[in-house]
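Welcome! Please take a look at the structure below, and then let us walk through it together.

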Amino acid sequence: MAPVAAPVATATAPASPFRAPYVPTSDTEVLQQVPADADPTVRDMKLLRNALELDPTSLAAADRLARAYIDFGRELGDAHYAGYAEAVLAPWLAKAPSPPVALVDEATILQYRHQFSEARRQLKLALAQDANNAQAWLTLATIDMVQGDYPSAVHECSQVAASGGSVLGIACTGNVRSYLGQAQQSQVILTQIAGDAPSLTVPFKAWVQGLLAETSERLGDWTQAEDHYRKALALTPKDNYLLVAYADFLLDRQRPAEVLTLLRDSSQSDTAFLRLALAKAALNSPDLPQYVWIMGARFEALAQRGSDYYGREQVRFALYLQHDPRLALDLAERNWQVQRAPWDARVFLEAARAAEQPQAASAVLAFIRDTKLQDPVIEPLARQLETQMTAPTVSTR
Amino acid sequence: MTAGAHSASDAYLTLTQESTAAAIDARNTATTRQASAAAQTVVHAQWDIALRDLDFVLKLDDNGDGNIVWAELRKHQQAIAAYAYTNLMFSADGGSCRIAPTRQMVDDHADGAYASLMFDVTCPGTPARLTVDYRLFFAIDPSHRAIVVSRSGENVATAVLSPDKASIDLPLRPQASR
């Protein structure tokens, strides 16, 4: 392990589990896993790249390759591909005005990196040229949902439907409602869409099943939620977002051993790796320190490069694996400036409770009241903190 | 534990200015050998580049089975060096410096295995600044970053190089005069 990649040292940090630079001794020693040629997605990407090389001035060819990279990277939870997509889009983004399709692809990459303001700017440029760009409206709605601006998201979902993406628009609306205390209606809408299955693409069906799983969680219907997660994963078994959401579901149900099986092949993804580490912690596994070290080193590498896209994960790492509630609360406050999905509210409240600073969570508690967020885990947590806030506090100094 | 790819592409460039004593020894040796030998400054470097990234451009996994094994990497070491060193340049106080590769190893990081390129940078005279010009991967992945750590005596300078900031000036410790 190179000294520069070492994580911030803490008194209890174990030594790096890696040896110094070495020369392998066996020809067959596996040094690194990479996507295999046999993977159909890898084959498709190669074909799309060849197509672009044959016709480098084709925007359609660039768009197809960029989208393939973006989708593959999302599936793997590997941001390298977002970078490759950006390189493909670069000549189009250098033009003024840039074509809307390139702007929307770039916005998708920026959204993935949690650079939400920059993503919005690209989407607005795209919509200024093409007000009926359903994909641009949907991406904007998704960003507003992540950032907790539900009134804007409702409007944008209706624009998705008005721009020709009627099923997409309805699913979008169903999704927003689940955050506004209307999870029941959300479930009805999404179930109806899922019923139209034959006419839908596989990734779209998986997305709807994933939304249904989360909506069922809002309603505290664990059996339904698990059923939907399994249906979604049967459709897209490698989808990193779904794997991680289902892993969180299993961790909440005290089923950590199943997380290790579920994410066996996903350790390359930082978000999946955190769930593996949390499962190791729940199981008191002897190799937990190694997982904690690697997770810390990965976050440190992100910090060194000036990226900060895993706020939510960093809070959970600080809280449950570094056992540092003050740091967790500090990270939660920073994350809340960027992301306000239910999980962001939840980790904030958990950090505030652990740090014994209920008053620090007042803005989050107000947000939960205002949006009428339904969630069987978050609601009792919020009530507990509200009680602590009104109770006389004992000064610590 | 199998190391996999991680969220984004990083390379690590660590530069260590040769200790004064060693530099003087080197100069003495040079002087003994050749009376007119000019003073020069040597910086040792370790450049860790992810195999994952190298595979994307150079295809290291020859049989395409999804595993880069040592035999495959060894076969590509020359190609890796040729590719990498054309994308890195050093100069000092305006004069160009020479890169002399010493060896290539493997280094494990939290997100996977890296090719570790060891080399010496030799610059004429005793310059006050070393300029690094870095271009690796920027054309195929603008989100690639080089994390640079430079040690010169007690000074440690760090920098992150990106397409928008592909060059950096690093201070060199003045050589002790005799």
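## A lysine and its loop

A:Lys372 sits in the loop between α19 and α20 (378-390) of chain A. Although A:Lys372 is not a glycine, its phi is positive, at about 60 degrees. A:Lys372 is exposed, with 11 other C-beta atoms within 10 Å. A word on terms: a residue is buried if 20 or more other C-beta atoms lie within 10 Å of its own, exposed if 12 or fewer, and partly exposed in between, with C-beta atoms placed from the backbone. Helices (H or I, at least four residues) and strands (E, at least two) are DSSP runs, numbered from the N terminus.

This is a predicted model, in which local features need pLDDT of at least 70 and side-chain atom pairs count only at pLDDT 80 or more, while totals for chains, interfaces and linings use all residues. Residues are numbered from 1 along each chain as its sequence is written, and chains are lettered from A and ligands numbered from 1 in the order in which they are written.

## Other backbone details in chain A

A:Glu356 is not a glycine either, yet it has a positive phi of about 55 degrees. You will find A:Glu356 in the loop between α18 (342-354) and α19 (362-371) of chain A. A:Glu356 counts as partly exposed, because 14 C-beta neighbours lie inside 10 Å.

There is also a cis peptide bond to look for: it joins A:Ala96 and A:Pro97, with omega at about -5 degrees. A:Pro97 belongs to the loop between α3 and α4 (100-112) of chain A.

## Chain A as a whole

Chain A has 20 helices and one strand. Along the principal axes, the C-alpha atoms of chain A fill a box of roughly 65 × 60 × 40 Å. A compact globule of 397 residues would have a radius of gyration near 21 Å, and the 22 Å of chain A agrees with that. This radius is taken over C-alpha atoms, and the globule rule is 2.2 Å times the number of residues to the power 0.38.

Of the 397 residues in chain A, 48% are buried. Two residues are in contact if their C-beta atoms, placed from the backbone, lie within 7 Å. Among the contacts in chain A with a separation of 6 or more, 52% are between residues 24 or more positions apart.

## Helix α15 of chain A

Just after α15(A), A:Gly306 takes a positive phi of about 85 degrees.

Buried residues of α15(A) include A:Tyr291, A:Trp293, A:Arg298 and A:Phe299. What do the buried residues of α15(A) pack against? They pack against α14 (270-282) and α16 (311-321) of chain A, together with β1 (10-17) of chain B.

## Where the chains touch

In this model, 44 residues of chain A are in contact with 47 residues of chain B. On the chain A side, the elements that give two or more residues are β1 (30-33), α3 (80-93) and α15 (288-304). By class, that side has 23 nonpolar, twelve polar and nine charged residues. Here Ala, Val, Leu, Ile, Met, Phe, Trp, Tyr, Cys and Pro count as nonpolar, Asp, Glu, Lys and Arg as charged, and the others, Gly among them, as polar.

Strands also link the two chains. Three bridges join β1(A) to strand β3 (residues 67-69) of chain B, and the two run antiparallel. The bridge partner of A:Gln32 in β3(B) is B:Ile68. Two strands pair if DSSP finds at least two bridges between them.

## The sheets of chain B

Chain B has three helices and eleven strands, and 43% of its 178 residues count as buried. One open sheet has six strands in the order β6-β7-β2-β1-β9-β10, with mixed pairing. β6 (98-109) and β10 (155-161) stand at the edges with a single partner strand each, so one side of each is left without a neighbour in the sheet. Seven bridges join β9 (residues 145-152) of chain B to β10(B), which run antiparallel. B:Val148 stands opposite B:Ala159 in β10(B).

Another open sheet has four strands in the order β5-β4-β8-β11 of chain B, with antiparallel pairing. β5 (95-96) and β11 (167-171) of chain B are its edge strands, each pairing on one side only. Five bridges join β8 (residues 129-134) of chain B to β11(B), where B:Pro171 stands opposite B:Arg129.
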